[in-house]
2 protein chains.
Amino acid sequence: MQKILIIGAGLSCSTLVKYLLDHSEKHNWTVRLGDLNKQLAESKINQHPRGEAIEFNVFDTDLLNVEVENADIVISMLPARFHYSVAEACLKHNKNMVTASYVSDAIRNMDQEAKNRNILMLNEIGVDPGIDHMSAMKVIDEIKEKGGKLTAFESNTGGLVAPEYDNNPWKYKFTWNPRNVVVAGQGVAMFLDRGQYKYIPYHQLFKRTEIIQVLDYGDFEVIPNRDSLKYLDVYGLKDVQTMFRGTMRRPGFACAWNSFIRLGLTDDTYVIQDSENITYRNFINSFLPYGHDRTVEEKLSDYLGFGVGSENMQKLKWLGIFEDRKVGLANATPAKILQKLLEEKWKLEPTDKDMIVMQHQFVYEKDGKQKKITSSMVVKGQDQIHTAMSITVGVPVAIATKLILTGQIREKGVHIPIKKGIYSLVLKELENYGIKFTDEYEDLD
Amino acid sequence: MQKILIIGAGLSCSTLVKYLLDHSEKHNWTVRLGDLNKQLAESKINQHPRGEAIEFNVFDTDLLNVEVENADIVISMLPARFHYSVAEACLKHNKNMVTASYVSDAIRNMDQEAKNRNILMLNEIGVDPGIDHMSAMKVIDEIKEKGGKLTAFESNTGGLVAPEYDNNPWKYKFTWNPRNVVVAGQGVAMFLDRGQYKYIPYHQLFKRTEIIQVLDYGDFEVIPNRDSLKYLDVYGLKDVQTMFRGTMRRPGFACAWNSFIRLGLTDDTYVIQDSENITYRNFINSFLPYGHDRTVEEKLSDYLGFGVGSENMQKLKWLGIFEDRKVGLANATPAKILQKLLEEKWKLEPTDKDMIVMQHQFVYEKDGKQKKITSSMVVKGQDQIHTAMSITVGVPVAIATKLILTGQIREKGVHIPIKKGIYSLVLKELENYGIKFTDEYEDLD
């Protein structure tokens, strides 16, 4: 019998737990799910005979060591900052570990020690990071193997509401952490564009978008991600002329969202005076110049250069930003106030389903000709529990866990899934769960 | 004989040292000037029989204690972050202390201890902070004393090149720390405008300016400072409807400067790839969208919405931002690269003189009528050593030091010069050095 320990029973672990329990009989596994909130863990185990929920605090080092020692593999689904102590325990007790998070420098530095102890620490095996790495490296390696030379790589991902439930003027609902959406892009976006490094400051980011098409899902708008340059190293692409990663929204989102950035509403670094008692209308007015003979709507429309009746202004009105309704949040930053309003309006309804869209574009030269492969994936959620996000994070983690336990993944040390020995096996199994890419081929010359 | 210890022999201490040495015979003082760079200190003492230059490292606690113990008063002209250890030594040896810097919370917390030890720690007695506090509080207290009720207070200050030497298209040269000018305004500007709190994000700040006139010096453009709201407490102005502080430039500066903010060139948080070898032209192009058939000039003019031949574009060209000249700075942030270019062009020439301009506007009600006082000061530098900045920082520090040594300022504890017992004496003596305000009176009704 092999014992799987999962730490963290949050949103993204539902599908993971289900997969592992569904396969537990066949492989003779038990699944132990620990969370600070034991009831939450119990709800995910759902009285499965091979599952057990426990109360678990990652700061309880004694418990952590006991649980890790008793497990055959450990999956950490905690927020990324907690992985380090789990990793330390895994090293101590020689246990394999899997996470869906970006590998930190601290964990990367455990590589040699993990190799010495003959264990694998596999990170970034969710959707983004995860499926993006695997599906990109598959095509990149194929192009190389066939003697092609990659010149441009662009990769875009979005978490959106599925088209059937896309019924608000923003064509967007929160399908993941709202805070991350509100503060997305702060800092600078860096990428490589036809041989030239490009830098876009946050306050220009939502103006510098492009439109792409994905299969028969229509148009999407792409907003540059923060650091695309690091993927030159990660994917070993020293000679490409273009390296770009972006986030997908439906067209029109970025221009309207940019209104909030221009006003300053996404700032999370200072507190608004008397934020509890002001109204949303006061809040907006605080960011506009004085003008005693104009309404807040008129001033905003002037300030942003949108017509009063424009689609952009309609989007803003629809959110209720002009309402004389109390904010009711003490000591709140602009970003927190904006988030509160958005959470009311961009809420995923119980019957709504979400969608993950990913598309890579590869341009390469072969036999003196320019060619392009466009590789696209769309996954829709099944329900409010098995959302597209939970499926696309959980299934690759689960498959990787299975492949490690069954000895099919044999790498040792600290890894992300960019090696063929890992990605080819995982991608193949993902197809059984509807997670697959459709490739389109074009000749550019 | 009274012994004055000055720590730090930087730019702003020339006039301070001169004042104290000029008065040393009369008051029987000696002046000891310590700096890491002993030669710099020697050049300021200039072999005056009552002066002595010493090598001084503020981290050498033993030396610090010996020097403070031997002094009757200590003036710290070090960067603000070093004042704390000086203040600790002053407390230990019961010595009065004077600085021209913003008082830190750590030093403010020494108030009771300083009172117990019967010493004064006087901070913020330079120009801004310093002369601004004193001149504002004088008028504020006068309005109160006459039964008036202050409704609006606005205060603006600028360090500029004197009009006679104002010969570049920006109407600006560096008269103080260039880095502070490059990163000025980052964060959010907060003020109170006719009863409404207002917040302006950095990327809108240089668009939200106003024009004011100062005496016969013509028009100035005002850019809001970061936190005007704290002055509600500092000046005890609970009931005013407007509280605003700003920085003055010549009209046209802000709009052109905003180009750099819009591009992202003032960002000091990340490093530009290969910054040593790129040219200024590459650098600018890195912030512009791709466009193979357009020049960098055309793309920039499009991006900013300035005509190719506009005054704004002329200002940018004049700086050399389009030149194919190597930056030559390794691992540089955008802000550092921009600063290097500006330092070449905005350099104060040996014969140039600088100028400090300050203006307060007070609106108040008295006997049912609205009245306004506009109080303005202009100080020009004498030469490259006794600049307007050095004079307006050094003279008030020197006067306050004299008034403490002669027992005319008798406050104890940690203070800034907002009490009549301090400001009235200092302001009166400042007039002897040409540092005086001209008041203009208007009836608004």
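Trainee: Among contacts in chain A between residues at least 6 apart in sequence, what share joins residues at least 24 apart?

Mentor: This is a predicted model: local features need pLDDT of at least 70, side-chain atom pairs count only at pLDDT 80 or more, and totals for chains, interfaces and linings use all residues. Side-chain values use heavy atoms, without hydrogens and water. Contact means heavy atoms within 4.5 Å. Of those contacts in chain A, the share joining residues at least 24 apart is 69%.

Trainee: How many helices and strands does chain A have?

Mentor: Both are DSSP runs numbered from the N terminus: helices are H or I with at least four residues, strands are E with at least two. By that count, chain A holds 18 helices and 16 strands.

Trainee: What percentage of chain A is buried?

Mentor: Buried means under 20% relative accessible area, exposed over 50%, partly exposed in between (1.4 Å probe, protein chains only). Out of 445 residues in chain A, the buried part is 58%.

Trainee: Is Thr175(A) buried or exposed?

Mentor: Thr175(A) sits in the loop between strand S7 (149-161) and helix H9 (178-182) of chain A. Beyond its neighbours within four places in sequence, its contacts include Gly159(A), Leu348(A) and Met389(A). Its relative accessible area is 12%, so Thr175(A) is buried.

Trainee: Why is strand S11 of chain A largely enclosed by the rest of the structure?

Mentor: Strand S11 of chain A covers residues 219-224. It is largely enclosed because, of its six residues, the number buried is five.

Trainee: Which residue in S11(A) stands opposite Glu210(A)?

Mentor: Two strands pair if DSSP finds at least two bridges between them. Strand S10 (residues 210-213) of chain A pairs with S11(A) in the antiparallel sense over four bridges. The two form a hairpin with five residues between them, and Leu215(A) in the turn has a positive phi of about 45°. Opposite Glu210(A) stands Val222(A).

Trainee: Which residue in S12(A) is the bridge partner of Pro224(A)?

Mentor: S11(A) also pairs with strand S12 (residues 242-249) of chain A, in the antiparallel sense over four bridges. In S12(A), the partner of Pro224(A) is Gly246(A).

Conventions. Residues are numbered from 1 along each chain as its sequence is written. Chains are lettered from A and ligands numbered from 1 in the order in which they are written.
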